[in-house]
Structures are given as C-alpha cells and as structure tokens.
Amino acid sequence: MFPAVRDIRPDERRAVGAGFATLTAFMMGHLLVETARDAVFLANIPAEQLPFLYLLIAAIALGLTLIGERIAPPWESHYTLTGWFGVASLSTLGLWLTLDALGDVGIYMLYILPGVISTVTLLEFW
C-alpha cells in the first residue's frame, strides 16, 4: 500500500515514527487554531484586510527564519525545533489569555500568530 514504508531501515523506525507523530499532532492543532482564527477574524474585521495580513505573515516568517539560521548551529536543529514548539505554545497561550483586553489588535494578532508559527515550524521541521 505504501511502498516507501518498506524502505525505512529498522534503525530509523523510531525516529520516523516520532517525526510522523509530531508532524501529525502539530498539523491537527494548527487546523483547529486556524479554523477558529478565521471565524473570529471574518466576524469582526473586513475580508479586504486578508492580503495584507498574508504578506505580513510571510515577511515575519522570513525574518524569524533568517534570524534562526544565524543564531542556532545547524548540528543542533532538533533543539531549535523543540525551542520553537515551546515559544509557539507560550505565545499562543499568552494571546489566548489577553485576547479580550487587546480588542481589534488581538484579533489581528490571532490571525498572524498561527500563520507565522506554522510557517516557521514546518521550515524547522524539514
């Protein structure tokens, strides 16, 4: 059914399984957050704002990726991914706790943050 699965060497199975589980869990979480952010954003802010937000997401993600390349040595990339998961989790929690107090700025942040997190995380993962 999946011929590539047969090509995984026995000593790689644990790493492949962990990577698959990590990527699956991350993408499921992102799907839930992205659905909620779209609903909240479109209920409160005009859709004409979306192209500008996508450009902003791309610019921020590019900037963070370039900074990350300069800071983290390439041989420690798994630590970079783990750290990024921590930063992503804490920033999402912080935004959730302060969303009501931030008003419209919080809604914009709610739209931008998951886009940046998913872009940078997937770049780090690969």
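Reader: Which residues are linked in a network of salt bridges?

Author: In this predicted model, the network of salt bridges links E34, R37 and D38. The search of the whole structure finds 2 salt bridges.

Reader: What makes the contact between E34 and R37 a salt bridge?

Author: The closest N and O atoms of E34 and R37 are 3.4 Å apart. The criterion asks for a Lys or Arg side-chain nitrogen within 4 Å of a carboxyl oxygen of Asp or Glu, so the pair qualifies. As to their placement, E34 and R37 lie 3 residues apart in helix 2 (residues 13–44), which means a separation of about one helical turn.

Reader: How do you know that D38 and R37 meet in a salt bridge?

Author: Their N to O distance is 3.1 Å. This value falls within the 4 Å cut-off, and the contact therefore counts as a salt bridge.

Reader: Why is R37 called buried, and what are E34 and D38 called?

Author: R37 has 2% relative accessibility; buried means under 20%, so the label applies to R37. E34, at 26%, and D38, at 27%, are each partly exposed, because that class lies between 20% and 50%.

Reader: Which residues form the nonpolar patch on the surface, and why is I71 called exposed?

Author: The patch consists of L56, I60, L64, I67 and I71, which together have about 420 Å² of accessible area. I71 belongs to helix 3 (residues 50–71). Its relative accessibility is 65%, and exposed means over 50%, so I71 is exposed.

Technical notes: Residues numbered from 1 in each chain as written. Predicted model: local features only at pLDDT ≥ 70, side-chain atom pairs only at ≥ 80, totals over all residues. Heavy atoms only, no water. Helix = DSSP H or I, 4+ residues; strand = E, 2+ residues; numbered from the N terminus. Buried < 20%, exposed > 50% of the residue type's maximum accessible area, 1.4 Å probe, protein only. Patch = residues over 30% accessible without salt bridge, like charges linked within 9 Å, V, L, I, M, F, W, Y side chains within 5 Å. Areas by Shrake-Rupley, 256 points an atom, 1.4 Å probe, with all protein chains shown as cover.
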